[in-house]
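User: Could we go through this model together, a few spots at a time?
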Amino acid sequence: MMRYSALRLPRQLGPAAWNSILPEAPVFDPLDQDTTADAVVIGAGFAGLSAARRLRQLEPDARICLLDAGGIAEGAAGRNSGFMIDLPHDLASEDYAGAGDDRAMIALNRHAIGFARQAVEEYGIDPDYFDPAGKVNGAASAAAEAHNQSYARHLAGLNEHSEMLDPQQMAELTGSHHYRSGLYTPGTVMLQPAGYVRGLAKGLAAAGVAIHTGTPVHGFVREGQTWRVQTAKAVITTPRVILTVNGHLESFGIAPGRLMQLFLFAVMTPELDDDTLRRLGGAPRWGVTPSDPMGTTVRRIDSGQGGNRIITRTCAVLRSGMAARAGDIARAARVMQRKFDTRFPQLAGMKMEHAWAGHLCLSRNGVAVMREIEDGLFAGCVQNGLGTARGTLTGIGAAELAGGIKTQVTRHFGAEADPTRLPPIPIRDIGANVILRWKEWQAAAE
């Protein structure tokens, strides 16, 4: 008899601001009575919602139960920057290019984007929440420009289009004279991530998926041919469990000592009034990722996505205990205020309305954990900082494994190695955080 018990439950620091700026969210009741299901999906972020949708496509009459410890879009799905990127985007490399099979990964990323686009159409999700606007890699230094040029050459070798933007074009786009240049690529979808996942949940519920929020899973045990999934107030009996909990895979004792629990931080302005918008200038919507992966991501959104606001994201810290600290977010907020003031001196000193931490999970060798862990237990986890596209893919793949089919998604992730082992705690955290702080310093202008 196999038993998995949750050693930790998710802990969030700061609001899920993307969710906070939208109208009141749909409510899904906690599970409060024992039941049965043909499949239980644990975790209702990008991966879990995608897994439930894919399983519904494969098995229209299946009883599918989707559980989440918090609320829809209150976890990582409401805390990321909303870039659904099609091209190589290796956060561990200098210019995102990485060293894998790029064409295969691009095709998979575009498969995820297509899956999401179909969901938007099928479920009537607000198209403002799924904007195929592309993105820009911004460069503020000579080193960053070199990264952009290197990445552009890499993309040209893949026959992928990109366009260099000069300082004037960057200023016209962003309202900021901070950037020396930019590299535009057209395939990224800019999400309002909370709006998108809310729409997925609403569509799945209408399709008969039983969604229960405020329902943390404390463990599950194999008994014969079924699993007994234990929540605070009820038990679900099911032949199949799909874990889509990203880094909390380790909380259940799977891949221990192999997953890097990373936190990134972001701040968001209050809604900008007409006078502030005139002083700011620039386009009403855009997204800039840093040419150096350790730099600063900046987005501007408009009223269709939750108000005219600017979002700034930077700083990273490794916390193997899976919880960021108040001091982490306080320091990051100070850094991001400086970054904001530098980019937008016409708005310098503006007090941010929201500040938050978001939990990422990476493996040292850049692989996911998308596989059958044992009979009837499937994982779609470890998204390596690419939660929108990679989370969608690992959710799709886990559902396809659970449905007994082989596809390009299952073959790709099934061929990946296991995550490599990490140094022991506390050496892991001390060493990683020294390196992260050093890289942050090197990328200070970005």
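User: In which sense do strand E2 and strand E14 pair, and over how many bridges?
Analyst: Strand E2 (residues 35–36) and strand E14 (residues 235–238) pair in the parallel sense over two bridges, where strands are DSSP runs of at least two residues, numbered from the N terminus, and two strands pair if DSSP finds at least two bridges between them. This is a predicted model, with local features needing pLDDT of at least 70, side-chain atom pairs counting only at pLDDT 80 or more, and totals for chains, interfaces and linings using all residues. Residues are numbered from 1 along each chain as its sequence is written, and side-chain values use heavy atoms, with hydrogens and water left out.
User: Which residue in E14 is the bridge partner of threonine 36?
Analyst: That partner is threonine 237.
User: Switching topic, why does histidine 354 count as buried?
Analyst: Histidine 354 counts as buried because its relative accessibility is 15%, and buried means under 20% relative accessible area, computed with a 1.4 Å probe on protein chains only.
User: Where is histidine 354 found, and what does it touch?
Analyst: Histidine 354 is found in strand E20 (residues 354–363). Leaving aside residues up to four places away in sequence, histidine 354 touches Pro15, Ala17, Ser20, Ile21, Ala266, Val267 and Met268, contact meaning heavy atoms within 4.5 Å.

Key:
Helix = DSSP H or I, 4+ residues; strand = E, 2+ residues; numbered from the N terminus. Buried < 20%, exposed > 50% of the residue type's maximum accessible area, 1.4 Å probe, protein only.
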